[in-house]
Amino acid sequence: MKWLSVFALAMFLAACSPAGEPQEEPAVDPGVPLLPGELPQPDSTAPPPAPALDWIQDPSMQVILGTYCCGFTTPSYITNYIPDFQIWGDGLYLWTVQEEGSRRVFSTRLTPGQVDSLLREAAQDGFFGWQARYEDPLVSDLPDKCLRISLAEDEKSVCEYHRGAPDAFHRLYDRLAAGNGLSGEEFTPMTGLVKVSPLQGGLPEPQLIWDHPQLPLDAIPEGGQWVEGAALLDLWRTVNAFPWSPVVEDRGQAYEITLQIPGVSLRNPGAR
C-alpha cells in the first residue's frame, strides 16, 4: 500500500541521521497561536520584572533623587549643592536650574498618580535591571550622575561616570532635571545652617555686604548657626547666585559661606 511505502521511507531517512546529533527545532511563528500545553519562549529583550511600585507617601521619605555631583571642585560647592531633582512621598517636587554659574530652585507638588506614572515609566524602561554603575575609566575628576528610586520595600541607584548608561536613563534624568514640563514656584527655605570661613590675603570681591547686626558673622561658631527670616533669605540668594564660592563681607572682614537646608541639601544638616 502507498502509506506503507511512505512509512518505510521515513524510517530509512531516520536511520541515516548521525546517532546522537541534535535535530534543529522548527522555527515558531510568533503569530501562530500556541498549541494546548505548549509554553511560550522567554523574550530576552523584555526588561526584568520590577519590584512592587509602592512607595511610602510621607513628606519625610524621598522617593526619587537625581544628583550630578561632585568631581573635582571646591569644598564649599559640595556643601552648598542642591540635587538636580527630588520627589518626596507626599508629592513635593524640587528641581534645580543652572544658569551660567548661578542656580534657581523651583518647587511644585505632584499627585499620587503622577508619581506612580514616573515609577512605572522607569520600570518599563528597565531601570531595575540596569547596572548600578556605568563608567569610562579613561577620564578623571568628573562628577557622577546618579538616579535613585526608593520604594516601600526596595531601593536602587544607577550612576553614570562620563558615559555608558542607557539612553532611557538620560531621557528620564534630563526631563526631571528640567521640571518634567511643569511650571513651579521658586523655592524658599524656612531655616538653614550657615557656616563661615574667614578669608585672608588677596580677597575676592564680596557678593553680599552683611546687614544683620543681630547676627555678626564672627560670632558664628565653628559648627555653624541656624538662621531664618531676612538673614536666611539674604544668604539663600547669595549662595544661589554664587554656589561655587559665595563671599560675604561683615565689618571689613570677608567670609566664605556655606548654607545647608535640612531635607533639601545633598549634605543634609539634619533637624534643627
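Visitor: Which residue forms a salt bridge with Glu228?

Guide: This is a predicted model. A salt bridge requires a side-chain nitrogen of Lys or Arg within 4 Å of a carboxyl oxygen of Asp or Glu. For Glu228 the closest N and O atoms of the pair are 3.0 Å apart, and the partner is Arg272.

Visitor: How many residues apart in sequence are the parts that Glu228 and Arg272 tie together?

Guide: Glu228 sits in the loop between E11 and helix H5 (229–241). Arg272 belongs to the segment after E13, so the bridge ties together parts whose separation in sequence is 44 residues.

Visitor: What is the N to O distance in the salt bridge of Arg109 and Asp90?

Guide: Side chains of opposite charge can pair when their charged atoms come close. The side chains of Arg109 and Asp90 meet in a salt bridge, with an N to O distance of 2.9 Å.

Visitor: Where in the chain are Arg109 and Asp90, and how many residues apart are they?

Guide: Arg109 is in strand E4 (residues 102–109). Asp90 is in the loop between strand E2 (85–88) and strand E3 (92–99). The pair links distant parts of the chain, and the separation is 19 residues.

Visitor: Which residue forms a salt bridge with Asp218?

Guide: The closest N and O atoms of this pair are 3.0 Å apart. Asp218 lies in the loop between strand E10 (208–209) and strand E11 (225–227), 33 residues from its partner. The partner, in the loop between strand E12 (247–250) and strand E13 (253–260), is Arg251.

Visitor: What is the phi of Arg251?

Guide: Arg251 is placed in the loop between E12 and E13. Its relative accessible area is 61%, over the 50% cut-off, so Arg251 is exposed. Arg251 is not a glycine, yet its phi is positive, at about 55°.

Visitor: Which residue other than glycine has a positive phi near 50°?

Guide: The residue lies in the loop between E3 and E4. At 88% relative accessibility, Glu100 counts as exposed. The residue with phi near 50° is Glu100.

Visitor: How many disulfides does the count come to?

Guide: A pair of cysteine sulfur atoms counts as a disulfide within 2.5 Å. Cys69 is joined to Cys70 with S to S 1.2 Å, and the sulfur atoms of Cys146 and Cys159 are 2.1 Å apart. With the bonded cysteines numbered in sequence order, the pairing is 1-2, 3-4. The count comes to two.

Visitor: What handedness does the disulfide of Cys69 and Cys70 have?

Guide: Cys69 counts as buried at 12% relative accessibility, and Cys70 is found in the loop between strand E1 (62–69) and helix H2 (75–80). The torsion about the S-S bond is about 75°, so the disulfide is right-handed.

Visitor: What is omega for the peptide bond that joins Cys69 and Cys70?

Guide: Cys69 and Cys70 are linked by a disulfide. The peptide bond joining Cys69 and Cys70 is cis, with omega at about 0°.

Visitor: Are Cys146 and Cys159 buried or exposed?

Guide: Cys146 is in strand E6 (residues 144–150) and Cys159 in strand E7 (residues 155–161), 13 residues apart. Their link has 115° about the S-S bond and is right-handed. Both Cys146 and Cys159 are buried.

Visitor: Which residues gather in a patch of negative charge on the surface?

Guide: One of the members, Glu155, is found in strand E7. Glu155 has a relative accessible area of 52%, so Glu155 is exposed. The patch gathers Asp54, Glu153, Asp154 and Glu155.

Methods: Residues are numbered from 1 along each chain as its sequence is written. This is a predicted model: local features need pLDDT of at least 70, side-chain atom pairs count only at pLDDT 80 or more; totals for chains, interfaces and linings use all residues. Side-chain values use heavy atoms; hydrogens and water are left out. Helices (H or I, at least four residues) and strands (E, at least two) are DSSP runs, numbered from the N terminus. Buried means under 20% relative accessible area, exposed over 50%, partly exposed in between (1.4 Å probe, protein chains only). Patches are made of residues with over 30% relative accessible area and no salt bridge: like charges are joined within 9 Å, nonpolar side chains (Val, Leu, Ile, Met, Phe, Trp, Tyr) within 5 Å. Accessible areas come from the Shrake-Rupley method with a 1.4 Å probe; for residues, only the protein chains shown count as cover. Lys and Arg count as positive and Asp and Glu as negative; His and the chain ends are not counted. The place of a charge is taken as NZ of Lys, CZ of Arg, CG of Asp or CD of Glu.
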